[in-house]
Number of protein chains: 2
Amino acid sequence: MANRSSFYSSLESAWDESGSCLCVGVDPTPDMNPDVLSANKRGLYEFGKRVVDAVSDFVCSVKFNHAHFAAAAQENQLCRLIQYIHEHYPSIPVILDAKRGDIGATAQQYAREAFERYEADAVTVNPFLGWETVQPFLEYKDRGVIVLCKTSNPDAAWLQDFPEDDPVYLRVAKKVQATANPNLMLVVGATHPDSLRRVRNHAPEATFLVPGIGAQGGVAEDVLQYGRRTDGLGLVVNCSRGVIRQDPSSSDYFGMVRESAKAYNRMLAHESQ
Amino acid sequence: MANRSSFYSSLESAWDESGSCLCVGVDPTPDMNPDVLSANKRGLYEFGKRVVDAVSDFVCSVKFNHAHFAAAAQENQLCRLIQYIHEHYPSIPVILDAKRGDIGATAQQYAREAFERYEADAVTVNPFLGWETVQPFLEYKDRGVIVLCKTSNPDAAWLQDFPEDDPVYLRVAKKVQATANPNLMLVVGATHPDSLRRVRNHAPEATFLVPGIGAQGGVAEDVLQYGRRTDGLGLVVNCSRGVIRQDPSSSDYFGMVRESAKAYNRMLAHESQ
């Protein structure tokens with residue numbers, strides 16, 4: 001990892017190489033074990049590795065959700081998967097979606113977990129405890145820190161959109177914009193195009209990680225229209241189930257994953273492509 | 001765990017047995033390795049086990065911070081420590097301080113992690129993504145779910161105290177009060193006595209996990225005065241470094257941990273004791 005460039009410059013290269021802002025979320029659930037994997041090849045690592053191989057041509061980033069590995073006591077498989085990407089696809093930056101939110105020595109330990117143990121290129125962070133949560137992650141100057149801003153789920157409005165005239169999510173956006181640090185990003189859901197537009201207005205230079213297209217109901221066109229920066233970039237649009245969940249009985253499961261990633265890649269292609 | 005009673009009733013018994021609302025946070029950092037542990041007995045499990053043995057007479061709960069184990073890739077030691085408490089001190093409920101905050105299938109995986117993998121009696125949860133974050137944890141009806149409300153760190157005000165006339169932290173408190181579920185608790189820091197008083201006014205029946213006494217500057221007397229319910233209970237006051245960090249060169253390190261826990265136990269004794 002010592003020679004890797006900063007997260008944001010890796011992302012710029014990966015945008016260019018893939019021609020798209022597609023990120024694939026490798027979030028395997030226990031029911032997602034295709035018949036095509038023989039019994040001794042099942043498990044999170046094998047499934048994840050095959051997904052990564054299938055989508056590598058089409059993505060600007062790969063995202064892993066810590067919860068799915070932690071619940072199964074398979075943190076080592078998460079380490080191995082991230083290592084696998086660093087070795088075989090060194091141009092693809094890896095996001096660890098862990099939504100960590102703590103302070104002081106504990107936040108330092110979470111930063112150590114994300115960047116030293118897992119060697120993730122970027123990690124998602126929850127700002128409920130304030131900027132002290134974010135700071136220890138920023139000490140790793142070459143890594144990305146992606147702060148929750150406006151999430152894709154309906155119930156988030158209760159806290160994030162409050163109060164109406166100066167909502168929490170816009171305060172988070174302004175704070176990130178003010179740092180002018182390209183490695184510091186925002187999570188902005190695809191399911192609220194109007195909020196996406198407002199965040200873009202308040203954080204014209206920031207890059208957004210956008211969950212919520214496909215299964216959650218967000219529409220790719222809206223995300224591109226309202227979320228892009230004036231340079232046409234600035235988006236990492238995550239799709240998980242829409243790509244990785246295919247017919248488990250298919251003998252070409254990972255071919256279908258590949259085709260799905262290819263379709264999303266085009267749907268999320270940069271305008272100049 | 002099948003025969004364990006609900007978290008809240010375990011807590012009531014432990015309040016009674018210990019005569020106090022002291023909770024000890026077992027958050028070992030790499031520099032916290034006393035000379036009295038021989039080289040082959042070092043590590044998070046051995047240290048934690050000796051701390052638990054030293055404080056068991058004086059606490060209503062023991063809290064573990066996930067980050068410290070995760071950064072060191074020692075989740076198995078955390079599992080073993082919690083098992084050790086369930087076996088040797090079955091009347092002491094265990095809180096996993098993980099501040100999880102996610103939604104849908106991911107939140108379910110985090111609930112599975114806390115309650116099935118670690119077999120924690122309660123877990124801390126971050127409400128930034130709304131009530132959808134909390135719900136999957138509540139499906140485990142016998143377990144405790146402790147929602148961040150007003151944390152002890154200075155920078156938290158930026159989000160939690162906003163806007164002044166109807167701050168986020170009071171909205172969280174009202175929501176928890178409205179559920180009337182004793183297994184659903186609030187995290188309220190010791191460092192803001194006025195906020196503690198306001199949360200108590202809005203959530204008169206809830207139980208609070210209170211971090212921030214000792215090293216962080218919170219004062220035990222304030223916490224008791226402003227945080228107690230009218231029945232004199234309703235508090236779980238955490239102390240970590242103030243108890244577990246002693247002179248590493250002392251030949252009686254864990255005796256000092258015991259004495260410190262005893263002192264905090266008295267400082268935080270129930271009024272009727």
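Chain A superposes on chain B by a rotation of 180 degrees with 0.0 Å of shift along the axis, and the RMSD is 0.0 Å. The two copies are thus related as by a two-fold rotation axis. Bear in mind that this is a predicted model. Which residue of chain A comes closest to the rotation axis? That is Phe128(A), with its C-alpha at 3.0 Å.

Now the interface. In contact there are 48 residues of chain A and 48 residues of chain B. The area buried between the chains is about 4,500 Å², with carbon and sulfur atoms giving 58% of that. Of the interface residues of chain A, 100% are also interface residues in chain B, so the copies meet through the same surface.

On the charged side, four salt bridges are counted between chain A and chain B. One of the pairs across the two chains is Arg117(B) with Glu75(A), where the closest N and O atoms are 2.6 Å apart.

Another residue that reaches across is His68(B), which sits in helix H3 of chain B, residues 66–71. Is His68(B) buried or exposed? Its relative accessibility is 4%, and since the cut-off for buried is under 20%, His68(B) counts as buried. Beyond its neighbours within four places in sequence, His68(B) contacts Thr106(A) and Gln109(A) from the other chain, and Asp27(B), Pro28(B), Thr29(B) and Leu44(B) from its own.

Next, the core. In soluble globular proteins, nonpolar side chains tend to be buried together. The largest nonpolar core here has 193 residues, and those with the most contacts inside it are Phe64, Leu186 and Phe208, in chain A and in chain B. Take Leu186(A): setting aside residues up to four places away in sequence, it touches, among others, Ile146(A), Val147(A), Cys149(A), Val172(A), Ala173(A), Val176(A) and Phe208(A).

Last, helix H8 of chain B, residues 168–179. At 1.5 Å a residue, its 12 residues should span 16 Å, and the end C-alpha atoms are 17 Å apart, which agrees. The buried residues of H8(B) include Val172(B), Ala173(B) and Val176(B), and also Arg171(B) and Gln177(B). Just after H8(B), Ala180(B) takes a positive phi of about 50 degrees.

That is where I'll stop.

Technical notes: Residues are numbered from 1 along each chain as its sequence is written. Chains are lettered from A and ligands numbered from 1 in the order in which they are written. This is a predicted model: local features need pLDDT of at least 70, side-chain atom pairs count only at pLDDT 80 or more; totals for chains, interfaces and linings use all residues. Side-chain values use heavy atoms; hydrogens and water are left out. Helices (H or I, at least four residues) and strands (E, at least two) are DSSP runs, numbered from the N terminus. The expected span of a helix is 1.5 Å times one less than its number of residues. Buried means under 20% relative accessible area, exposed over 50%, partly exposed in between (1.4 Å probe, protein chains only). Contact means heavy atoms within 4.5 Å. A nonpolar core is a set of buried Ala, Val, Leu, Ile, Met, Phe, Trp, Tyr and Cys residues joined through side-chain atoms within 4.5 Å. Copies are superposed by least squares on the C-alpha atoms of residues with pLDDT of at least 70 in both. Buried area is the accessible area (1.4 Å probe) that two parts lose on being put together, summed over both. A salt bridge is a side-chain nitrogen of Lys or Arg within 4 Å of a carboxyl oxygen of Asp or Glu.
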